[in-house]
Amino acid sequence: MSALANHAFAKMNGIGNEIVVVDLRDAPAAVTPEDARAVASPAGVHYDQLMVLQPPRLAGTEAFIRIYNNDGSESAACGNGMRCVVRRLFEKTGQTAVTFETRAGLLNCWQGPAPDLYTVDMGAPKFGWKDIPLAEEFRDTRYIELQVGPIDAPILHSPSVVSMGNPHAIFWVDDVNGYDLARFGPLLENHPIFPERANITLAHIVDRDHITIRTWERGAGLTKACGSAACATAVAAARLKRTNRVVRIALPGGELAIEWREGDDHVLMTGTADFEYESQFDPALFASVA
């Protein structure tokens with residue numbers, strides 16, 4: 001039987017990014033891709049990302065967090081999910097600052113600048129083609145050669161690419177709602193140029209302090225918000241010198257404040273996290289899981 005059977009979970013969202021939080025620190029057990037897909041099944045709990053807290057592996061950290069997309073694949077980073085974990089923990093313990101370990105590295109999180117806001121230090125972005133990663137060399141990843149549509153009249157072209165612990169491609173457009181992202185997203189996510197697949201974002205620069213985006217998330221599809229995509233977009237826009245290093249990112253589900261800090265190049269993401277309900281996983285969800 002799955003380790004998740006009869007286990008408590010919290011359903012939350014980070015500006016519309018649907019999150020399920022499960023704390024397995026007191027009952028260490030492996031969660032499989034099959035378990036994650038079972039939770040996301042029609043009879044289960046709809047989510048974009050499943051955040052599983054495992055016992056800490058490093059001194060000074062609160063937990064090691066594994067992040068699952070609803071297709072069962074794992075992600076190294078999820079900014080909106082981290083804020084949900086942070087709110088859940090802070091409300092139970094009274095803490096106001098904490099450090100977690102993820103596959104993307106150590107993430108420092110804290111409460112503020114207002115009681116209902118939470119900040120996650122997402123670390124430093126990576127720009128090297130091997131680090132993103134890409135399947136072939138591009139010396140300048142501010143733009144790469146990639147397009148959708150006819151060569152002489154592409155529908156989308158020349159994205160910026162960045163790693164925020166997971167691969168991101170950002171296409172600069174005049175209207176983020178003017179494209180069928182549900183159609184183009186899967187094609188671009190699985191394009192051969194991205195050996196680990198990629199998150200695909202449409203971004204419109206409103207002014208030097210404000211960007212609007214929509215994202216097709218790797219392993220999750222169209223979502224109302226993607227925190228790491230907001231971070232990647234803010235960094236990519238600043239690299240192109242089209243925005244300042246502190247910007248507001250408007251997503252379908254709400255707004256995030258992003259700062260690409262000059263002192264150490266770390267990206268700080270600040271936003272809300274909403275609690276919806278708490279329940280337990282029905283064991284019947286995992287009946288077919290080996």
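How many cavities of 30 Å³ or more does the structure hold? The points below start there. Note that this is a predicted model.

1. **The cavity.** The structure holds 1 cavity of 30 Å³ or more. About 60 Å³ of space lies in the largest cavity. Its lining includes Gln49, Asn69, Ser75, Ala77 and Cys78. Asn166, Asn199, Glu217, Arg218, Cys226 and Ser228 also line this cavity. By class, the lining has 6 polar residues, 3 nonpolar and 2 charged.

2. **Where Cys78 sits.** Look next at Cys78, one of the cavity-lining residues. Find it in the loop between strand 5 (74-75) and helix 2 (79-93). Cys78 is buried, at 5% relative accessibility. Leaving aside residues up to four places away in sequence, Cys78 touches Asn17, Ile19, Gln49, Met51 and Ile67. Of these, Gln49 is also in the cavity lining. Ile193 is 115 residues from Cys78 along the chain, and their C-alpha atoms are separated by 22 Å.

3. Now take Cys84. Cys84 is buried, with a relative accessible area of 0%.

4. **The main core.** The largest nonpolar core has 54 residues. Val21, Met51, Phe100, Ile249 and Ile258 have the most contacts inside it. Met51 is also one of the residues that Cys78 touches. Which helix gives this core its largest share? Helix 4 (residues 227-239) does, with 9 residues.

5. Setting aside residues up to four places away in sequence, its contacts include Ala230, Cys231 and Ala234. Ile258 also touches Arg245, Val246, Val247 and Ile249. Val267, Leu268 and Met269 complete the list.

6. **Two cis peptide bonds.** Check the bond from Gly112 to Pro113. It is cis, with omega near 10°. Pro113 lies in the loop between strand 7 (105-111) and strand 8 (118-121). The bond from Ile132 to Pro133 is cis as well, with omega near -10°. Pro133 is in the loop between strand 8 and strand 9 (147-148).

7. **Positive phi.** Phi of Ile15 is near 40°, a positive value in a residue other than glycine. Ile15 is in the loop between strand 1 (8-14) and strand 2 (17-23). Is Ile15 buried or exposed? Ile15 is buried, with a relative accessible area of 6%. Phi of Arg197 is positive too, near 65°. The loop between helix 3 (181-189) and strand 13 (199-207) holds Arg197. At 23% relative accessibility, Arg197 counts as partly exposed, because buried means under 20% and exposed means over 50%.

Technical notes: Residues numbered from 1 in each chain as written. Predicted model: local features only at pLDDT ≥ 70, side-chain atom pairs only at ≥ 80, totals over all residues. Heavy atoms only, no water. Core = buried A, V, L, I, M, F, W, Y, C linked by side-chain atoms within 4.5 Å. Buried < 20%, exposed > 50% of the residue type's maximum accessible area, 1.4 Å probe, protein only. Helix = DSSP H or I, 4+ residues; strand = E, 2+ residues; numbered from the N terminus. Contact = heavy atoms within 4.5 Å. 1 Å grid on protein atoms, 1.4 Å probe; cavity = no way out; pocket = protein on both sides within 12 Å on 5 of 7 lines; lining within 4 Å. Points joined across faces, edges and corners; volume = space filled by probe spheres on them. Nonpolar A, V, L, I, M, F, W, Y, C, P; charged D, E, K, R; others polar.
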